[in-house]
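Okay, thanks for coming, everyone. Let me put the model up and walk you through a few spots in it.

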Amino acid sequence: MQYKRILLKLSGEALMGDRQYGIDPDRLAEYAEEIKSVIDKGIEIAIVIGGGNIFRGVAGASKGMDRVQGDHMGMLATVINGLALQGSLEDAGIQTRLQSAIQINEVAEPFIRRRAIRHLEKGRVVIFGGGTGNPYFTTDSAAVLRAIEIHADVILKGTRVDGIYTADPEKDKEATKFDFITFDDVISKGLKVMDTTAFTLSQENELPIIVFDMNTKGNLLKVVTGENIGTKVNL
Ligand code: UDP
């Protein structure tokens with residue numbers, strides 16, 4: 001196995017499946033199977049889940065809502081997604097713990113780094129909800145932060161696109177995919193992988209990111225075993 005401990009970032013939108021809003025139970029069940037295949041190989045896996053399928057603070061702010069209020073709603077949305085993901089993982093027979101960056105003790109443990117690491121060592125999947133717990137951040141930043149804190153070997157950003165391209169492959173047919181790219185090249189070419197705060201945090205801490213297609217069966221295990229799919233961002 002290439003990696004012992006991974007941090008998987010899933011966006012809220014990924015949970016929508018083909019829907020326009022909310023959570024698709026079939027998609028959740030598919031993800032649970034993917035995650036199980038990795039757990040069964042003895043890999044430790046923590047997940048940061050987004051909330052964009054329910055609410056984003058910037059969207060509220062663009063309609064006149066107070067940004068911080070909106071971000072609080074967004075953070076709560078990630079906890080809702082975390083609960084849904086937890087349910088599907090447990091249905092698949094995986095032990096899990098949900099830890100939230102905002103105190104919501106009846107439904108999730110508070111984020112405690114050492115406890116999270118202990119859960120991972122015991123083979124539990126740890127889901128981090130609530131983002132960083134602060135407004136004006138994203139769950140991409142939370143993913144990098146948590147990955148550093150738990151000493152993950154890599155950040156796996158599961159998307160619906162199979163890597164980083166020279167241009168948006170959904171809009172430009174000429175776009176070509178990178179197998180490897182450096183942090184500096186991503187910045188100088190103006191490519192979009194994560195928001196800048198998240199990306200520079202990863203670079204400064206020398207934590208590689210792999211962007212891959214999470215919606216193709218078997219891909220998560222392939223990435224973890226070191227198969228060259230997706231795009232790896234490294235120093
Ligand atoms: N959010 C926040 N602080 C964080 C993480 C998230 O305020 O540390 C809020 C923010 O409003 C964001 C929303 O939660 O828009 C959902 O997170 P994100 O947009 O990162 O979700 P994704 O795009 O991954 O689904």
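So, L89 sits in helix α3, residues 67-91. Helices here are DSSP runs of H or I with at least four residues, strands are E runs of at least two, and both are numbered from the N terminus. Before I go further: this is a predicted model, where local features need pLDDT of at least 70, side-chain atom pairs count only at pLDDT 80 or more, and totals for chains, interfaces and linings use all residues. Residues are numbered from 1 along each chain as its sequence is written.

Is L89 buried or exposed? Buried, because 26 other C-beta atoms lie within 10 Å. The rule is that 20 or more other C-beta atoms within 10 Å of a residue's own makes it buried, 12 or fewer makes it exposed, and in between is partly exposed, with C-beta atoms placed from the backbone. Leaving out residues up to four places away in sequence, L89 touches A32, I35, I94, T96 and V125. A contact means that the two C-beta atoms, placed from the backbone, lie within 7 Å. Take V125: it's 36 residues from L89 along the chain, and their C-alpha atoms are 8.5 Å apart.

Next, the annotated site. An unreviewed UniProt entry has a "binding site" annotation covering G51, D71, T132, G133, N134, P135, Y136, F137, T138 and T139. These residues span 89 residues in sequence, but no two of their C-alpha atoms are more than 14.1 Å apart, so they gather at one spot. A caution: UniProt positions are in the numbering used here, feature names are shortened, and annotations may be inferred rather than shown by experiment.

Two of those residues, then. D71 is in helix α3, and it's buried, with 24 other C-beta atoms within 10 Å. Beyond residues up to four places away in sequence, D71 touches G57, P135 and Y136. T132 is in the loop between β5 (125-129) and α5 (139-149), and T132 is buried too, with 22 other C-beta atoms within 10 Å.

Last stop, helix α4, residues 113-121. Which residues of α4 are buried? A116, H119 and L120. Looking down the axis of α4, they fall within an arc of 100°, so they line one face of the helix; the arc is that of the directions from the helix axis to the C-beta atoms. Those buried residues pack against β1 (5-10), β2 (44-49), β3 (96-100) and β5. The face turned away from the buried side carries the exposed residues R114 and E121.
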